[in-house]
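Student: Could we go through this model together? I would like to start with the packing of its helices.

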Amino acid sequence: MRIAILVGLAGCAAPARFDKPRAAMTRRERDSTVAASGLPGSGVVKKAMSMTDAENRRAAAVDSASREN
């Protein structure tokens with residue numbers, strides 16, 4: 001009986017609201033969501049994203065420097 005009540009109440013819950021469906025999110029947006037979530041391992045995702053950003057900035061600086069010559 002309790003299971004039937006719980007299932008019935010779960011069906012009445014409001015659906016979660018997201019700005020975009022998961023399929024429409026970019027990989028960066030999904031990673032940012034995970035990094036901000038507080039899930040186990042989210043700190044690693046956040047660190048990896050910051051390292052990637054730093055490497056992209058370095059690559060852009062090298063690219064712009066090579067075009068100046």
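**Helix packing and overall make-up**

Tutor: This is a predicted model. Helix 2 (residues 27-37) packs with helix 3 (residues 42-68) at an angle of about 135 degrees, and their axes are 7 Å apart.

Student: Which residues make the contact?

Tutor: Helix 2 contributes Arg28, Asp31, Ser32, Val34, Ala35 and Ser37, while helix 3 contributes Ser42, Val45, Lys46, Met49 and Asp53. By class, four residues in this contact are nonpolar, three are polar and four are charged.

Student: Changing topic, how many helices and strands are in the chain?

Tutor: The chain has three helices and zero strands, giving the pattern α-α-α along the sequence.

Student: What share of the chain is buried?

Tutor: Of the 69 residues, 6% are buried.

Student: And what is the accessible surface of the chain?

Tutor: The accessible surface is about 6,300 Å², and carbon and sulfur atoms account for 61% of that area.

Note on methods:
Residues numbered from 1 in each chain as written. Predicted model: local features only at pLDDT ≥ 70, side-chain atom pairs only at ≥ 80, totals over all residues. Heavy atoms only, no water. Axes fitted to C-alpha atoms, helices over the stretch in contact; angles between N-to-C directions. Helix = DSSP H or I, 4+ residues; strand = E, 2+ residues; numbered from the N terminus. Contact = heavy atoms within 4.5 Å. Nonpolar A, V, L, I, M, F, W, Y, C, P; charged D, E, K, R; others polar. Buried < 20%, exposed > 50% of the residue type's maximum accessible area, 1.4 Å probe, protein only. Areas by Shrake-Rupley, 256 points an atom, 1.4 Å probe, with all protein chains shown as cover.
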